[in-house]
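Subject: Structure handover

Hello,

The structure is passed on to you below, with notes on a few parts of it. Please read the notes with the model open.

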Amino acid sequence: MASRPKRRAVGSGAPQPPGGPAVRAEEEEEDGVEDEDEDEEDSDEDDDEDDESVDEEVNVEFEAYSISDKDHDGIKKLLQQLFLKAPVNTAELTDLLIQQNHIGSVIKGTQCAEQIKELILSSCEKNCGKSLVEQLDTLLNDNSKPVGFLLSERFINVPPQIALPMHQQLQKELAEAHKTNKPCGKCYFYLLISKTFVEAGKNSKKKGSNQEEKEELMFANAEEEFFYEKAILKFSYSVQEESDTRLGGRWSFDDVPMKPLRTVMLIPGDRMDEIMDRLKEHLSV
């Protein structure tokens, strides 16, 4: 839209008296200065309005749908932000997730499944005592008690409230798969790898300890703290050297530099109802 000086100049069709143009120019120049000041004031007001609107709550609706081939790139990126540079075939894992048509696929024996198991066990050996390594190895290789690999990834700034309906739906699908004897219907344990952080200057726990100081850990996905509370086995390992800021950003909480970790948890399947109750309590909107 034209400014007020420009509208007056364009809209004026009256003939000018002798000597008029020079006087008119001065008047319009003065008007222009005044209007420029007014425009600057209007601009300042707009900036103030923008600043005031920063703290407003925005309601966003999400629509859930089944995984399809068109989600391949997005899923792979989410897996890459979890595994970073670890030797896990994220492309194969992405294909397996897309191929599932009910809830999950039996991925025992596939390359990516063995890579994930090797990653977990080798990280445990480097950061935990022998007894914990042996316990984890036994549980992961017990064919009579299947372990489900729980993936819960989302892009940065997606609120944790979205996790509640997603986890609830997952539990419904698992129950339905179990009733109809479909693969992945019954999991005795769930393995979860969570993106966590500690203050950069903090010393990590001593090797051999089976407990983390929960108050030291900060979870990228806030709701995963409830899974951590119910886990029977848990440990963390650093991914400082593998971190890719293009995917994960440089993390800090309250302006304190943070060291990126991956926290491994093994949660009994019979504790999932308790976790769902905790999620409802804290994430219901």
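**Aromatic pairs**

The count comes to three aromatic pairs, where rings of Phe, Tyr and Trp (its six-membered ring) pair if their centres lie within 6.5 Å, and planes under 30 degrees apart count as stacked, over 60 as edge-to-face and the rest as tilted. One of them is tilted: Phe 83 and Phe 149, at 6.3 Å centre to centre with 45 degrees between the planes. This pair links distant parts of the chain, with Phe 83 in helix α3 (residues 72–83) and Phe 149 in strand β1, 66 residues apart. Phe 83 is buried at a relative accessible area of 4%, whereas Phe 149, at 24%, is partly exposed.

Phe 219 and Tyr 228 form an edge-to-face pair, because their ring centres are 5.7 Å apart and their planes stand at 70 degrees. Both residues, Phe 219 and Tyr 228, are buried. Lys 234 lies over the face of Tyr 228, 4.3 Å from the ring centre; the rule for this asks for NZ of Lys or CZ of Arg within 6 Å of the ring centre and within 35 degrees of the ring normal.

**Basis**

This is a predicted model, in which local features need pLDDT of at least 70 and side-chain atom pairs count only at pLDDT 80 or more, while totals for chains, interfaces and linings use all residues. Residues are numbered from 1 along each chain as its sequence is written, and side-chain values use heavy atoms, with hydrogens and water left out. Buried means under 20% relative accessible area, exposed over 50% and partly exposed in between (1.4 Å probe, protein chains only). Helices (H or I, at least four residues) and strands (E, at least two) are DSSP runs, numbered from the N terminus.

**Helix α7**

Helix α7 (residues 163–179) has 17 residues and reaches 25 Å from first C-alpha to last. Its buried residues are Ala 163, Leu 164, His 167, Gln 171, Leu 174 and Ala 177. Seen down the axis of α7, they fall within an arc of 160 degrees and so line one face of the helix; the arc is taken from the directions from the helix axis to the C-beta atoms. Lys 172 and Lys 179 are exposed on the other side of α7. After α7 comes Asn 181, with a positive phi near 60 degrees.

**Lys 195**

Lys 195 is in strand β2 (residues 189–199) and counts as buried at 12% relative accessibility. Its side chain makes a polar contact with that of Glu 153 at 2.6 Å (a pair of N or O atoms within 3.5 Å; within protein, one must be able to donate a hydrogen and the other to accept it, and residues adjacent in sequence count only if both atoms are side-chain atoms).

Regards

Technical notes:
Expected span 1.5 Å × (residues − 1).
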